[in-house]
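Please read it alongside the sequence and the structure shown here.

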Amino acid sequence: MPALLRPAMAVLIALAPLAATPAGASAPPSAAPSFSPHTVDPDLAGAAFAVTGNVEGDPRQEIVATGFGRFTAVPGGPPLPPAAGRLAVYRQSGRGLDSWSKRLVFDTDAAIPFPNEPALSDVDRDGDRDIVVPGGFFRCSTPCGSLTWWEQRGAGTWRRHDVVAPGSSPLFYHRALLVDFDRDGRRDLVTVGESARPVTRIEGQAPANSWIQVFRGTDGPERFSSEPVDIAPGGGALPVVEDIDHDGDLDLASPQYFEPGAAYMWLERTAARSPRHPMGEFARHVIDTTQGRAIALRPVRNLYGDGRTTWVGANHTNTAFPPGSTEPASQVVAFTVPVDPRTAWTPIALSSGITSRGRAGQAAPGVFGSGDLDGDRDTDLLVSGDGDDRLFWLEQGDGRSFTTHVLATGAGQAGGAVVTDLDHAWPLRNEAVFTVFESDSLVVWTRD
């Protein structure tokens, strides 16, 4: 993450499209819906990741968000990263979306640098939701990666479990998926460990900047082994587990940022687990090499209303810095997956006009979500500009076309991008949830 900037957050509601994307697309509606912001927390220092779900038993959803903390300016040098971050649960405390109560799961005294995307799940099978928190980033001066889970104990209390204690690994983690990856009846933590420098993990394999790992589920009170099974080099911050080739087993797909060679890749499971290969055997396939570095890739169910799953990706490039940059255009794309998914997939641009600011260390776009934002019963996309300080929503029109709208400005390095119905209030409608790093805020946008 670049240095923390603290401009006043200027919200600009877009009433007209930024641009229409595919050539020959049908004309957009005369006026796109407008949206209004509701600030959930104006003081979440270094607001980073957000997810939603039912954590405390309220029929309405809570927001679970992480904050990195604030960077410290250093005259003549790069800013110092925060020593530790925090994790908070936000519960709706009144009618509407302007009243929230905040409860910390952990604060800076937990000494977890850069807490990343939380995952909500009943880890210990006791009937409530626990929270898995991967952590760390390359901005730490010493290794600071971590993987912890927080057991809900009732009455707003949480018990900490360290799978990877902070600083005990040269890798850092952004996402951990709870899934029975080896099909032994226990859920595992599937993740990608990253490093700004190449790291050797598997004997005979060349060093790599990222490694796909599985922390196996156990029957003990800690629930997971502290020693990972290293699957293969490659992958990036936000992996996805999916049966990509529809052969009945679980594969893995991922964007790549620190690992060169491909924007997106996937691992095909080619053999079941064995004593020598406790997670099975895998073959690596390149999805795309035309998009530069990438930050997000995910399957979107029924994107086009045809009952099928479409893969959508967001790259992470900067065409404005350094001057003369030849990086590919910053964009969200849909992939046409060939009959044989082991061959290259064809990207189709869905967004337009997203471009990173001319600053070192920044890139665009960021993370994205999907859902019906305008109430017309099709699937739209919600996108963080990240290095572009705007927030976007991509309105789906006729003929699989998308129009890029600006949701807000002054919202640099935003996370979350969650589309969901938080309050279940009438009229039923989805909201847009974002963290905004540069204004230390957690904000929900509602359709007017």
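**Side-chain packing in a predicted model**

Of the 20 residues that make up the largest nonpolar core, those touching the most other members are Leu373, Leu382, Leu391, Trp393, Leu407, Phe434 and Trp445. Two or more residues of this core come from each of strand E27 (391–396), strand E28 (402–408), strand E29 (414–420), strand E30 (431–436) and strand E31 (441–447). Another core, of 19 residues, lies apart from it and includes Leu350, Ile354, Phe368 and Phe402. The model is a predicted one, and the points below should be read with that in mind.

- The structure holds 20 aromatic pairs, and one of them is formed by Phe137 and Phe138, whose rings are tilted at 55° between the planes and lie 4.6 Å apart, centre to centre.
- Phe137 is buried, with a relative accessible area of 14%, whereas Phe138 has a relative accessible area of 36% and is partly exposed; the cut-off that matters here is that buried means under 20% relative accessible area.
- Tyr173 and Phe215 form an edge-to-face pair, with 6.2 Å from centre to centre and 75° between the planes.
- Because Tyr173 belongs to strand E13 (residues 172–179) and Phe215 to strand E15 (residues 208–215), this pair ties together parts that are 42 residues apart in sequence; both Tyr173 and Phe215 are buried.

**Charges over rings**

- Arg269 lies over the face of Phe181, where the distance to the ring centre is 4.5 Å.

**Disulfide**

- A search of the whole structure finds one disulfide, which joins Cys140 to Cys144 with an S to S distance of 2.0 Å.
- The link of Cys140 and Cys144 is right-handed, with 80° about the S-S bond.
- Cys140 has a relative accessible area of 17% and is buried, and Cys144, at 6% relative accessibility, also counts as buried.

Methods. Residues are numbered from 1 along each chain as its sequence is written. This is a predicted model: local features need pLDDT of at least 70, side-chain atom pairs count only at pLDDT 80 or more; totals for chains, interfaces and linings use all residues. Side-chain values use heavy atoms; hydrogens and water are left out. Rings of Phe, Tyr and Trp (its six-membered ring) pair if their centres lie within 6.5 Å; planes under 30 degrees apart count as stacked, over 60 as edge-to-face and the rest as tilted. Buried means under 20% relative accessible area, exposed over 50%, partly exposed in between (1.4 Å probe, protein chains only). Helices (H or I, at least four residues) and strands (E, at least two) are DSSP runs, numbered from the N terminus. A charge sits over a ring if NZ of Lys or CZ of Arg is within 6 Å of the ring centre and within 35 degrees of the ring normal. A disulfide is a pair of cysteine sulfur atoms within 2.5 Å. A nonpolar core is a set of buried Ala, Val, Leu, Ile, Met, Phe, Trp, Tyr and Cys residues joined through side-chain atoms within 4.5 Å.
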